[in-house]
Amino acid sequence: MVQFLDAAAGTPAGGAMNGLMTLTPLFSLVVVFVIFYFMLIRPQKKRDKEIAKMRSNLQIGDEVITRGGIIGIVVSIREDTLILETGNERSKIRILRGAVETCNTVHDDN
């Protein structure tokens, strides 16, 4: 097999090209990770912060929906639990604050 030498460096011709070829998969992996971060991870973190803020700002009288689909009005707030009043019979249930999915009451942030 005949190997051509680069006259200036004394190395086989195409050596720089081989080095570039070994970095290409690494570069493409970094690009995929950056795209993945901006398309999936960053928006999810933003949504998690908004939900945590909503849960910490719950007030008595707010209408909430739990992850299980229970709709109720907050009648008592403790550190990590809420008591909801549901239905016409005014039944009350105790839930974890983390089970609240949405709050249907609009608050003025003034």
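Two strands count as paired if DSSP finds at least two bridges between them. In this predicted model, strand β2 (residues 71-77) and β3 meet that rule, with four bridges in the antiparallel sense.

## Overall layout

The chain holds one helix and five strands. Read from the N terminus, the order of elements is α-β-β-β-β-β. The chain has 110 residues, and 17% of them are buried. Its accessible surface is about 8900 Å². Carbon and sulfur atoms account for 60% of that surface. Take the contacts between residues at least 6 apart in sequence: 34% of them join residues at least 24 apart.

## Strand pairing

β1 and β2 pair in the antiparallel sense over three bridges. Within this pairing, Ile65 has Ile71 of β2 as its bridge partner. The two strands form a hairpin with four residues between them. Gly69 in that hairpin takes a positive phi near 95 degrees.

The β2 and β3 pair is also a hairpin, with three residues between the strands. Here Ser76 stands opposite Ile83 in β3. Ile77 stands opposite Leu82 in β3.

On to β3 and strand β4 (residues 91-96). These strands pair in the antiparallel sense over six bridges. Ile83 stands opposite Arg94 in β4. The β3 and β4 hairpin has four residues between its strands. Gly87 in that hairpin takes a positive phi near 70 degrees.

| Strand pair | Bridges | Residues between the strands |
|---|---|---|
| β1 and β2 | three bridges | four residues |
| β2 and β3 | four bridges | three residues |
| β3 and β4 | six bridges | four residues |

How many residues of β3 (residues 81-86) are buried? Six of its six residues are, and the strand is mostly covered. Thr81, Ile83 and Glu85 point one way from β3. Leu82, Leu84 and Thr86 point the other way. Residues on both sides are buried.

Which residues make up the largest nonpolar core? The set has nine: Ile51, Met54, Leu58, Val64, Val74, Leu82, Leu84, Ile95 and Val100.

Val74 is one of the core residues. Leaving aside residues up to four places away in sequence, Val74 touches Gln59, Ile60, Gly61, Asp62, Val64, Leu82, Ile83 and Leu84. Val64, Leu82 and Leu84 are also listed in the core.

## Salt bridges

The count of salt bridges comes to two. In one, the side chains of Glu101 and Arg67 meet at 3.7 Å, N to O. This pair links distant parts of the chain, 34 residues apart. Glu101 lies in strand β5 (residues 100-103). Arg67 lies in the loop between β1 (63-66) and β2. Glu101 has 30% relative accessibility, so it counts as partly exposed. Arg67 has 58% relative accessibility, so it counts as exposed.

In the other, the side chains of Glu85 and Arg90 meet at 3.6 Å, N to O. Is Glu85 buried or exposed? Glu85 is buried and belongs to β3. Arg90, by contrast, is exposed, with a relative accessible area of 57%.

## An aromatic pair

A pair of aromatic rings is described by the distance of the centres and the angle of the planes. The count here comes to one aromatic pair. The rings of Tyr37 and Phe38 have centres 5.3 Å apart, with planes at 85 degrees. Why is the pair edge-to-face? Planes over 60 degrees apart count as edge-to-face, and the planes of Tyr37 and Phe38 stand at 85 degrees, so the pair falls in that class.

Tyr37 has a relative accessible area of 30%. Phe38 has 47% relative accessibility.

How values were computed. Residues are numbered from 1 along each chain as its sequence is written. This is a predicted model: local features need pLDDT of at least 70, side-chain atom pairs count only at pLDDT 80 or more; totals for chains, interfaces and linings use all residues. Side-chain values use heavy atoms; hydrogens and water are left out. Rings of Phe, Tyr and Trp (its six-membered ring) pair if their centres lie within 6.5 Å; planes under 30 degrees apart count as stacked, over 60 as edge-to-face and the rest as tilted. Buried means under 20% relative accessible area, exposed over 50%, partly exposed in between (1.4 Å probe, protein chains only). Contact means heavy atoms within 4.5 Å. Accessible areas come from the Shrake-Rupley method with a 1.4 Å probe; for residues, only the protein chains shown count as cover. A salt bridge is a side-chain nitrogen of Lys or Arg within 4 Å of a carboxyl oxygen of Asp or Glu. A nonpolar core is a set of buried Ala, Val, Leu, Ile, Met, Phe, Trp, Tyr and Cys residues joined through side-chain atoms within 4.5 Å.
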